[in-house]
Amino acid sequence: MSSRPQVQKLATLTGHRDCVYALAGTVGQETFYSAGADGMVAAWSSAAPERDGELVAKVENSVYALLHLPARNLLVLGHNFQGVQAIDLGEKKLLFATALPAAAIFDVAYSPQRQRLYVALGDGTLAVLSAADFKVETLVRLSEKSLRCLALHEERGELAVGGSDWLVRVLDVDSLQSKHVIKGATNSVFTAAYSPDGRYLLTAGRDAHLRIWDVAAGYQEHRSIVAHMFTINHLAFSPDEAVLATCSMDKSIKLWDARTWELLRVVDRARHAGHGTSVNKLFWPGRQNRLVSCSDDRSLAVWELS
């Protein structure tokens with residue numbers, strides 16, 4: 001798909017009453033989930049985007065982080081100032097609730113190998129929870145500033161943690177000892193992901209640069225791209241590994257060739273009836289080349305690439 005894809009908007013999904021910050025789901029499954037400032041957690045279908053969303057849960061505070069655990073049919077919520085909660089999707093009931101330091105929760109990552117959850121907190125703490133019972137195994141204070149994003153490299157046993165202190169710390173995922181500290185960002189790091197082949201770590205954030213780090217070379221900078229006009233909120237690789245999508249406070253989504261890093265397409269309001277305000281998160285459901293986005297404009301959009 002690295003020839004320039006055509007992009008068509010299939011649906012605008014409405015129902016949230018405030019900014020939508022979080023998306024989650026599992027590649028290959030049609031149902032995906034959204035949450036945001038209104039505390040509502042909703043389920044939607046990428047196969048039938050014309051269908052209304054279904055309320056899964058309602059919580060008191062904003063939700064910035066969602067994680068789907070399909071093997072157990074659980075949806076994990078980072079419920080700001082209230083800790084981590086796990087919803088049984090079959091029963092639509094709260095199964096686990098774990099209190100954490102009273103801070104915003106910006107990201108949650110899951111290691112199937114280690115059966116652990118890693119939680120990035122706004123007070124600079126990294127929390128590690130047992131996936132079996134959601135009990136806290138350890139809390140590590142990494143920074144005086146917020147931890148904003150997590151990326152896990154299972155094969156190397158490394159966890160990349162991006163923060164508002166402009167740093168990306170690469171930790172040994174078992175000992176949580178620091179292996180590398182990546183400097184280069186000139187502002188907060190909001191999003192991080194390893195490339196599907198594991199060769200690169202990609203980071204982005206408030207300085208609007210997409211930075212590509214060579215993992216085998218000790219995380220040396222491979223490329224730096226001025227990718228957007230304003231803050232980059234999220235980046236996500238397509239399931240077929242051909243396309244990288246980024247989204248920004250500049251209201252646009254950009255599609256990149258995931259091998260050459262060439263810009264393929266800009267999806268915005270003028271050209272595609274895109275979002276009217278900041279685009280906060282992206283999710284690829286993994287069927288029919290569909291991409292889901294959510295925004296401060298209270299809506300989600302479902303896009304089809306052809």
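**Cysteines**

I began with Cys 247, which is buried at a relative accessible area of 0% (buried is under 20%, exposed over 50%, partly exposed in between, with a 1.4 Å probe and protein chains only). Cys 294 is buried as well, also at 0%.

Ground rules for my notes: this is a predicted model, where local features need pLDDT of at least 70 and side-chain atom pairs 80 or more, while totals for chains, interfaces and linings use all residues. Residues count from 1 along each chain as its sequence is written, and side-chain values use heavy atoms, without hydrogens and water.

My search of the whole structure found zero disulfides.

**Sheet**

Next I traced an open sheet of four strands, ordered S10-S11-S12-S13 with antiparallel pairing. S10 (105–111) and S13 (136–141) are the edge strands, each pairing on one side only. I counted five bridges from S12 (125–130) to S13, and Val 128 has Thr 138 as its bridge partner in S13. Strands here are DSSP E runs of at least two residues, numbered from the N terminus, and two of them pair if DSSP finds at least two bridges between them.

**Pocket lining**

Last, I listed residues lining the second largest pocket, including Asp 197, Arg 199, Glu 241 and Trp 261. A pocket is an open set of points on a 1 Å grid over the protein atoms alone, where a 1.4 Å probe fits, with protein on both sides within 12 Å along at least five of seven lines; lining residues have an atom within 4 Å of a point.

Conventions: Disulfide = S-S within 2.5 Å.
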